[in-house]
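Please follow the account below with the sequence and the three-dimensional structure at hand.

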Amino acid sequence: RYAEHYRCHLLDMIINSSIMSQSKATRRFRDLFGLEDEVLLAEFNGALLKTILRQGTIFVTYNYVAFYSNVLGLLKTQEIFSFREFKSVERARTAFVFPNAIVVKMIDNREIFLGSLFQRDHLFSLLDSIMQIRLDREDLYDSPTLPRPSSLLSNDLSEGGIS
């Protein structure tokens, strides 16, 4: 029930994304990742596990999850993951104790570990909702009985996926 409510909230966020498109966070996201047509839905403080946990910012758009970290100007980490590559999202624990992490399983069997999340459940619901909306849309337009509108040929919002 909560997930369905969150999907409706996510759709409202997408529809009203023009407000976010002018925000400081959106400008920062676009400057860092060069994705001018993407609209930032949310940003979270958290960490990405590489060889060590790297504390930084997680950015979420309808098409991507991006991570940026700059530790004292010495250790920069910049990663971007497409929802097209996501297989599943699961809640996880840090050090088997703290319920503050998420694991994203990719279709190529990689795992992305996001930890130190103060808003883990909020991020999880957002990622899960986006995945579900994208799957529902694919199922709807992959049906042999429904013609696929030309405006929905792409999975990217920037190419007219949802208006």
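In this predicted model, the loop that joins strand E6 (98-106) to strand E7 (111-115) contains Asn109. Although Asn109 is not a glycine, its phi is positive, at about 75°. Asn109 has a relative accessible area of 62% and is therefore classed as exposed, since the class begins over 50%.

Rolling a probe the size of a water molecule over the atoms shows where empty space is left. The count comes to one cavity of 30 Å³ or more. The volume of the largest cavity is about 40 Å³. Which residues line the largest cavity? They are Val65, Phe81, Phe86, Val104, Ile112, Leu114 and Leu127. By class, this lining comprises seven nonpolar residues, with no polar and no charged ones.

On the surface, a nonpolar patch is formed by Ile52, Val71, Leu72, Leu74 and Leu75. Together these residues have about 520 Å² of accessible area. One of them, Leu75, belongs to strand E4 (residues 75-82). Leu75 counts as partly exposed because its relative accessibility is 31%, and a patch takes residues with over 30% relative accessible area.

Notes. Residues numbered from 1 in each chain as written. Predicted model: local features only at pLDDT ≥ 70, side-chain atom pairs only at ≥ 80, totals over all residues. Heavy atoms only, no water. Patch = residues over 30% accessible without salt bridge, like charges linked within 9 Å, V, L, I, M, F, W, Y side chains within 5 Å. Areas by Shrake-Rupley, 256 points an atom, 1.4 Å probe, with all protein chains shown as cover. Salt bridge = Lys/Arg side-chain N within 4 Å of Asp/Glu carboxyl O. Helix = DSSP H or I, 4+ residues; strand = E, 2+ residues; numbered from the N terminus. Buried < 20%, exposed > 50% of the residue type's maximum accessible area, 1.4 Å probe, protein only. 1 Å grid on protein atoms, 1.4 Å probe; cavity = no way out; pocket = protein on both sides within 12 Å on 5 of 7 lines; lining within 4 Å. Points joined across faces, edges and corners; volume = space filled by probe spheres on them. Nonpolar A, V, L, I, M, F, W, Y, C, P; charged D, E, K, R; others polar.
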